[in-house]
Amino acid sequence: MISKSSTTLFQSNSPGVRTFKRILRNRSAKIGGVLLFILIFVSYAAPLFTDKDPNKTVPALALKSPSFEFPMGTDGIGRDNFSRFLYGGRLSLRVGLVGIIIGALLGTTLGLISGYFGGWLDALISWFTDVLMAFPDILLALVIIAILGPGITNAMLAIGISFVPSFMRLTRSSVLALREMTYVEAARSLGSSDARILIRHILPNSIRMLLVLITLGIGSSILAGAALNFLGLGAEPPTAEWGAMLNSGMKFVRQAWWLTVFPGAGIFLAVLSINLIGDAVSDAMAGTNVIPDKK
Amino acid sequence: MKKALLKGLSVAMLIGLLIAACGGNAPAVSSGGDLTIGIAVEPETLDPGDAIYVQEQFLIMNLFDSLLATAPDGSLHAALATKWEPNAEYSEFTFNLREDVTFHDGTPFNAQAVKASFDHINSEAVLESGGKSLLVDHSYVETVVVDDYQVMVKFGASYPTFLRDAGRQWLSISSPAALEKFGQDYGRNPVGTGPFKFVQWDAQSQIVMERNLDYNWAPDFAAHQGPALVDKVIFRILPEAATRLTALETGETLIASEPPALDAISMSESGKATVQSYAQPGVPAILMINAAKAPTDNVNVRKAMILAINQVELAQTAFQSLGAPAYGVISPSTWGYSEQSASLYKYDLKESGRLLDEAGWTDADGDGAREKDGEKLSIDWPDNPAWSEAFNELLSGYLANAGFDVQYRSMDDGAAYEEMLAGNYNLTYMYWIRADPSPLRYLFHSEGINGAGSAWTNFVYADLDAALEDGDTQTDEAIRKQDYITAQNIIMENALVLPMFTINTSYLNALSVQGFTFDIEGYPFIYDISIAK
Amino acid sequence: MINYLIRRIFTSILVLFGVSMLVFSVIHLIPGDVTMAILGRQKVSLEKVAELREQLGLNDPIYVQYGRYLNKALHGDLGVSIRNYLPVSKAIADQMPSTFALAMSALAIALSIGGVLGLLAALRHGTWFDTLIMGLSVSGLSIPTFWMGLLLILLFSVKLGLFPSISNDSSFADLFLPALTLGLPEAAIVARMIRASMLDVLSKEYITTARAKGVPERMVILKHALRNALIPVVTFAGLQMAYLLGGATIVETMFARQGIGRLAVQSILNRDYPMVQGVVLVTATIYVLINTLTDITYVFLNPKIRLQ
């Protein structure tokens, strides 16, 4: 699933100047935006919608079907599935976001260093990311979890690291293009330090493309997080998380459809909304300021 | 993986409780057909001498025979041995063997085979196994071939329960030729004398056995004689409970092991399948409480934990009618059960709260979790979720209601074991299937602290140690019983364990499966099963 | 050209070298002592731990250990599982055909369904049909594999009874649901690719010229446009094949199929480190090899790159 993003990414080989209006005008982006806003709002403002504790077990009320009191029914040990859906969404979205941010921070830093300094440092970092890219799909995340052990923080870290190569490559190639620009030359001749040049001059000019990559990556990151949780390598019980809820709901798939349908739909809608926005973003970028594609 | 070993030590010395109807002695007709069974755990080996996990025995019993066989009523019967005779000290046992038995590879069964099998278990080739612990713990000396069909098994100490153990799968007899031929790979190429022959093992997928047409030495308590009734048995490895159930529902398997209780009941109520359930004697599902680590080093905190658990509701929610609540450290069907020890705690959230208040744990900030001196009332529970999936969240929920902050940490057996050796736990899950209370010594005698045994309660108390020691050697039954009652009372008075429910072994089978019975240890007796057309 | 080949192969070898180092270090990066993980099943005595450390060579300097590991791996010896003592290389070889069959069928589904839908969408660019296909395809990209697998099982196995819910061999019936689960999201990607690349080609001058010359539209599409539009898809297929070999983890788990993805998850859960190392090393090596081959093929097919 991680590679889904990378395939999408290499398709959109033309991120450039952001034309925010074009994105806003795009119909699918509107749908995606509204959907995403609703999901984020209901999960982060969960206490507004439910007064129930997502971990409070009331065995006497186990497996109740959706009703006014329990809009999404209850699970096998009588927890309110609606609260779990809301709080679980919070975690699933956070895993996706934190994962991609870790990947972006690490990858961008490496890419800046690699592209700006060049030489053996570049060779080393490029080699390192090539090695990371040799692990297809979820495998890199699995290896990292094998080392760190299961758990939600480790899952975020694992997902983050598996995004490092994409960010590193993108930043590096844009730095290579910018390095020789006159204003960078000028700053250098005025005696600015390397760190200052990187942060003040080069990074801001790469940030637009990074935003595209981040937007597209969040979707894959959410999917990867849900997959790790589904495999039992993420959140510890009783913590609610969509992937983990789906996994435990599978036991009751015949008696309680609401335990698999809602969390599954949650993941689907979240990723869908981000992909719709991402499509619009890369459409809007198309044809403007094409950077040389390394491949 | 000590825990797994303990779970495997299921010497059913007395009669287990049989819920499923016995097959009766109606003449059964060979129906043929393939019996596909969904099992949860892939075995690591099919070498009976090297096996350690409970799940492996279910497969091994179809491929192998032992010297003796234990009937479901607990009586001893002839199997590969026709006569058996212990000496006065119960340290030497002479067996007369059947002369008409051949192994699946065509080699004859004889005294040499018995010696080779036992010596194999005792050899360096086997690192640690159920069979090895039976032999080594009783100072196995040697097996003497008296003549072709008579052997004498010698131990360095008296071993009063050896005849029972000689009927267990772990001491089954292997073909010496195959042991020699396959060496290290024998566990993947098992050759025995049982009703089914090993065909193939596709890792992560299935293990296939076919009927042994020469089989003519079934124990006399079986419902029929001669070869088994189905042509083939296919054990399909399906670790996810949901998958096992779907496969049964779609007819891809005919028997599902350990089905989710709710589905099992609803499918049997709707007449689509039959639930078979076997209540195991011994130590029920309990959580051992670490009395050496805060906050559970305080007896009131431990008592408050037990009082916070509604066992009736827990068993009902997790297992429906397949589970029974447990209140003591051994279950009622176990010999020497103490009614008194099991009546000390009944679900009482108020009393639980009072005890915690008294111990200084209060919820000052109103977040639901109690604190003392700025510390949360945290309970550390490192565990392999494979064992506790059915109830861990439920149990955490009860404890949370009483103001505990339960930190469940999922990990595999190896990592959990390391945490326990390091003392980093307040709770650890345990059960031990056995009809005699003697495992209590491994679990509660202070000699077993710090991994030397399994005394994870870390509780040192001379009277308890004395009672457990005497129970191990005492020959006067009445005194022995009193020893164990004393031990149970001390354990429960000091709130060392949190009892949950009795262990049930459940199977769900399609309506076409006929003649389903359990053997003494709670495994389906596949030999007598046939498939209706 | 030769230069490119040599350089490409050299980088791949460097990458594989890095992969082997990373895989080797797994056993040293895990918290705690690996001997404890190995001895988990046994009663532990300190002498035994010391003995095992010696036996595993854990007392040697790290580069000696790595050299030994690499040397053995190059000779096909990936060590022995610490769960069932089987050779890791054999365990992987046993699981590989099943994963391969699954990946191939998923790819076939992806290319056929995705190809046809993408092509039709491009030809009906801007119509409701195009919108529908693109909508389906973005949904296909967004749906979690495990959720779709579950829905497919409920529909095709439980309700309709058409296909098995547990899958074993490589027969059509056994492969259908797993391959569909794995292949549909890929089909979504293929549809988008074909559509984009078709639209791109159709706007090219030579197509306009061909049309102007009066070549029948069918011929324009099939002979001129499609052939050029397929080039990126061929590359994609190679990469995707490699990716599917490692990406079948969830599908293999859901359908209880044999396969190396499932082997990876199981050995992580069992902390069977030699097995984890072996599976990861083999999967990554295959991935790198296929990647390299795809790149080289691409260069051969595409003279423009060759000239650079």
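Modeller: Helices here are DSSP runs of H or I with at least four residues, strands are DSSP runs of E with at least two, and both are numbered from the N terminus.

Colleague: Fine. What is the ground rule for this model?

Modeller: This is a predicted model, in which local features need pLDDT of at least 70, side-chain atom pairs count only at pLDDT 80 or more, and totals for chains, interfaces and linings use all residues. Residues are numbered from 1 along each chain as its sequence is written, while chains are lettered from A and ligands numbered from 1 in the order in which they are written.

Colleague: How many helices and strands are in chain A?

Modeller: Chain A has twelve helices and zero strands. From the N terminus on, its elements read α-α-α-α-α-α-α-α-α-α-α-α.

Colleague: And what percentage of chain A counts as buried?

Modeller: Of its 295 residues, 58% count as buried. A residue is buried if 20 or more other C-beta atoms lie within 10 Å of its own, exposed if 12 or fewer, and partly exposed in between, with C-beta atoms placed from the backbone. Among contacts in chain A between residues at least 6 apart in sequence, 74% join residues at least 24 apart. Two residues are in contact if their C-beta atoms, placed from the backbone, lie within 7 Å.

Colleague: At what angle do helix 5 and helix 8 of chain A pack?

Modeller: Helix 5 (residues 81–117) and helix 8 (residues 152–179) of chain A pack at an angle of about 35°, and their axes are 4 Å apart. Axes are lines fitted to C-alpha atoms, for helices over the stretch in contact, and angles run from 0 to 180 degrees between N-to-C directions.

Colleague: Is the crossing of helix 5 and helix 8 of chain A left-handed or right-handed?

Modeller: Helix 5 of chain A passes helix 8 of chain A in a right-handed crossing. A crossing is right-handed if the near helix is turned clockwise from the far one by less than a right angle, and left-handed if anticlockwise. By class, the contact of helix 5 with helix 8 of chain A has 22 nonpolar, ten polar and three charged residues. Ala, Val, Leu, Ile, Met, Phe, Trp, Tyr, Cys and Pro count as nonpolar, Asp, Glu, Lys and Arg as charged, and the others, Gly among them, as polar.

Colleague: On to chain B. What is the strand order in its open sheet of three strands?

Modeller: The order in chain B is 19-14-20, with antiparallel pairing. Strands pair if DSSP finds at least two bridges between them. Strand 19 (427–433) and strand 20 (497–501) of chain B are at the edges with a single partner strand each, so one side of each has no neighbour in the sheet. Neighbouring strands of this sheet are turned by 30° against each other on average, direction ignored.

Colleague: Why is strand 14 of chain B largely enclosed by the rest of the structure?

Modeller: Eight of the eight residues of strand 14 of chain B are buried, so the strand is largely enclosed by the rest of the structure.

Colleague: Which residues of helix 14 of chain B are buried?

Modeller: Helix 14 (residues 413–421) of chain B has B:Gly414, B:Ala415, B:Ala416, B:Tyr417, B:Glu418 and B:Met420 buried. Just after this helix, B:Gly423 takes a positive phi of about 80°.

Colleague: How many residues of chain A are in contact with chain B?

Modeller: In chain A, 17 residues are in contact with 19 residues of chain B. The side of chain A that touches chain B has nine nonpolar, five polar and three charged residues.

Colleague: And how many residues of chain C are in contact with chain A?

Modeller: In chain C, 40 residues are in contact with 37 residues of chain A. Helix 1 of chain C gives the largest share of that side, seven residues. The side of chain C that touches chain A divides into 32 nonpolar, eight polar and no charged residues.

Colleague: What else is there on chain C?

Modeller: Chain C has 14 helices and zero strands, and 45% of its 308 residues count as buried. Its C-alpha trace spans about 85 × 60 × 30 Å along the principal axes.
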